[in-house]
Amino acid sequence: MKRNLGDDKMIRDQVKVEMNKFLYSVLVNVCKHLNEYPYTTIEYEMLKECIYPYTNIERINEEKQRILMHLDAIKADCDALAMDVEKSLKLKDTVENDSFADFSLAGEEEDE
């Protein structure tokens, strides 16, 4: 940590302990994934696959943001289509407000 922090930084003991706990939990997770392989020898490619989420977190977060933006665009398209359907098909209109319904009622009254 000292090598990667500025010279003006001091690291408290609790931070060192918690960092070790964090690194231990990462190690445990990686080992769980490595344990899922049916092979008795752990190869470098297996390790690379298991540590991918930790080594590529920035790219994963960028991809997450891209997907969320795309989903927002899809949602906006769906909302626009729903408004178009409501306007063009008059889904909210009642029989009293529908001009076609008025014509059909007027025709029935004339027949009587």
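Visitor: In what order do the elements of the chain run from the N terminus on?
Guide: They run α-α-α-α, and the chain has four helices and zero strands. Helices (H or I, at least four residues) and strands (E, at least two) are DSSP runs, numbered from the N terminus. This is a predicted model, where local features need pLDDT of at least 70 and side-chain atom pairs count only at pLDDT 80 or more, while totals for chains, interfaces and linings use all residues. Residues are numbered from 1 along each chain as its sequence is written, and side-chain values use heavy atoms, leaving out hydrogens and water.

Visitor: What angle do helix 1 and helix 2 make as they pack?
Guide: Helix 2 covers residues 44-55, and the angle is about 135°, with the axes 9 Å apart. Axes are lines fitted to C-alpha atoms, for helices over the stretch in contact, and angles run from 0 to 180 degrees between N-to-C directions.

Visitor: Why are helix 1 and helix 2 called oblique to each other?
Guide: Under 35 degrees counts as roughly parallel, over 145 as roughly antiparallel, 65 to 115 as roughly perpendicular, and the rest as oblique. The angle is about 135°, so the two helices are oblique.

Visitor: How many salt bridges does the rule give?
Guide: The count comes to three. Among them is E45 with K48, whose closest N and O atoms are 3.7 Å apart; both residues lie in helix 2. Another is R66 with E63, at 2.7 Å, a pair separated by about one helical turn in helix 3 (residues 57-89).

Visitor: How do you know whether E45 is buried or exposed?
Guide: Buried means under 20% relative accessible area, exposed over 50%, and partly exposed in between (1.4 Å probe, protein chains only). E45 has 52%, so E45 is exposed.

Visitor: What share of the residues counts as buried?
Guide: Of the 112 residues of the chain, the share is 6%.

Note on methods
A salt bridge is a side-chain nitrogen of Lys or Arg within 4 Å of a carboxyl oxygen of Asp or Glu.
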